[in-house]
Amino acid sequence: MNSSIKVSKNEKRLLLKNYLEKNVSRSQTLLHSNQDAIFAMDLEGYFVQVNPAYEKLTGYSAQEAASMKLQSLIPVGSLDKVFHHFHKAVLGQFHNFDCRMTNKAGQTLDLNLTNIPISVDDQIVGVYGVAKDITLLKRKKEELRKMEEIHRSLTENVFDMIISTNLQGELLYVSPACEHILGYSREELQSRNSFSLLHIEDRDRAYADLKAVFINQENGNGSYRINKKNGSFIWVEIFCKPIVDPDTRLAVEMVCVIRDISERKRAEEEAEKREDTYRDLVENSPDAVIIARGCDMLFINETGRRLLGASKKEDILDKKLLDILHPDLHDTAKKRAEILNNEAAMDFIEYKLIRLDGTIIEAEVKGMPTIYENKPARHIIFRDITERKKTQQLLLNSEKLTIAGQLAAGIAHEVRNPLTAIKGFLQLMEAQVDNKTYFTIIQSEMERIEIILSELLLLAKPQELKFEKENFNTLIYNVKTLIDTQAIMNNIQIEIENDREDLLIRCDKNQLKQVFINLIKNAIEAMNHGGIITIEIKQYGLDKIKIYIKDTGNGVPQQIIKRIGEPFFTTKEAGTGLGIMISKQIIENHNGKFHFWSDENGTIIEVILPIS
């Protein structure tokens, strides 16, 4: 029984070979020209004939294939399917199916396999196999399937709303998130135009933006308001991508991702309000404020601009922070900046600032950490303390003056009583002595003591001012007449330059005379080798005059100029230090001003007085 079956199969194998040999010419052309792997198998699955495409696909040569069966190429997982379809082909059926194959290199390939029965004399003697490598196609399909699955998962489950529209804005697709964001179901939106959802005030802008996306075929985005189903609106950010037809190269559709940014918008608006409030507070602060990062100045308020003498803020912001600080304080400033970078607020400290015109002012400075334009920075407060320093100095001088006045009154009264007795006895003794030389010297010194006592009493209790209209020119010429003798004795010439002849002022004539006599005497005493004293009188504005007293002496050092006017400060051996101080007080009592300038070419005293 078994031998008859084997003979039958062998006969069929011979019939197959004879068939293939008879058709060798036709089959060779078919086999060699086909890009697909083609092979002929006997009824047991042995390869009888293969084409070059088979050799390339499997890696086995025709000689190697002659001793192989189809099942040797098939992984275990595909054997059942391959055997099933092979058996159907043996029964005379055509079958096409997908399976897997392992080539000689051990790679697993995806195949599309077609089994075609070979019939000779109405008997099935073998099977043609046509194998097409579909590995890449399978992979692409799998990737496409995965992408479609990912796309479906994203569009169906993402919180952002995804829509697709045509050129007219008609909605072609709406993701389920529309119900969560807008309150509409997908069915309700698919019959609407996308522009109808936009806030009426944003439609024109949105239409222009989306039109540009279609025309330029570039991605776009923008922020707009969209109306919800309940009548309210939300802020959204829309990201758009055009879909281009590969044949016409025209945009035919647009896919948009719509994200709810209402919370972000509210936060931005709150931040803007806080920033505006902060800016208003800083801008209108009575203190100068600078925002700095490192050595760069990022912001300065109006008070700071005025403090530093700039015509516009950019003149300050173009400079570095250290440019406005005195060089002696650069190291201190750097150390304090390092401490501030560690977020530790600093107390006020006194600095010297350099204004744009080069003048130096005193200020107290405080720094604190802040955030500016979303980055760490330093908030620096500058307070001009120049006037405060002057006030403190005035208070100190006033206190000195008060003490000096009290002391002067006591000394004057205590000294004047014995001095009166001494003068009386001295006059009695003078009548009895022939040689009166020493008496003259003593008398002169006692008169000087009385002058000093008079100044002390004036300091202790200033005289009441008696204001009357006086011709200022007459007053000055009277002073010149009184002082000319002393000037001539010191080889000094006094000149008066006056462009007004009818200057009337309300003043206490005697006190003003005392002032100018004192000032001119000081000028004479400063000129050891003679020279010229110029008294220059000018109109100053509509209601003031300015008087300059200029000498050609050696000048006064700056450290002394600063102290002129302090009680009991003098550079003269026989001076009391009270003359300038009293003169300055008299000028101020006349609502005037008093200034000194000096260098190696001489000294200038400026007196400003109101005119009647």
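D484 forms a salt bridge with K480, and their closest N and O atoms are 3.0 Å apart. A salt bridge here is a side-chain nitrogen of Lys or Arg within 4 Å of a carboxyl oxygen of Asp or Glu. Both D484 and K480 sit in helix α16 (residues 472-489), 4 residues apart, about one turn of the helix. Helices (H or I, at least four residues) and strands (E, at least two) are DSSP runs, numbered from the N terminus. K480 is buried, at 19% relative accessibility. Buried means under 20% relative accessible area, exposed over 50%, and partly exposed in between (1.4 Å probe, protein chains only).

## What the model is

This is a predicted model: local features need pLDDT of at least 70, side-chain atom pairs count only at pLDDT 80 or more, and totals for chains, interfaces and linings use all residues. Residues are numbered from 1 along each chain as its sequence is written, and side-chain values use heavy atoms, with hydrogens and water left out.

## Salt bridges between elements

The count comes to 23 salt bridges. Side chains of opposite charge can pair when their charged atoms come close.

One of the pairs is K138 with D98, with the closest N and O atoms 3.9 Å apart. K138 lies in helix α6 (residues 135-157) and D98 in strand β3 (residues 95-102), so this pair ties together parts that are 40 residues apart in sequence. K138 is partly exposed at 36% relative accessibility. D98 is partly exposed too, at 29%.

Strand β3 also holds R100, while D110 lies in strand β4 (residues 108-120). D110 and R100 form a salt bridge, with the closest N and O atoms 3.2 Å apart. The pair therefore ties together parts that are 10 residues apart in sequence. D110 is buried at 12% relative accessibility, whereas R100 is partly exposed at 43%.

## A patch of negative charge

E269, E270, E272, D276 and D280 gather in a patch of negative charge on the surface. Patch residues have over 30% relative accessible area and no salt bridge, and like charges are joined within 9 Å; for nonpolar side chains (Val, Leu, Ile, Met, Phe, Trp, Tyr) the limit is 5 Å. D280 is placed in helix α10 (residues 262-283). D280 is partly exposed, at 47% relative accessibility.

## Cysteines

The count of disulfides is 0. A disulfide is a pair of cysteine sulfur atoms within 2.5 Å. The sulfur of C256 is 3.1 Å from the closest cysteine sulfur, in C240, which is too far for a bond. C256 is buried, with a relative accessible area of 4%. C178 is buried at 0% relative accessibility.

Key
Areas by Shrake-Rupley, 256 points an atom, 1.4 Å probe, with all protein chains shown as cover. Lys, Arg positive; Asp, Glu negative; His and termini not counted. Charge placed at Lys NZ, Arg CZ, Asp CG, Glu CD.
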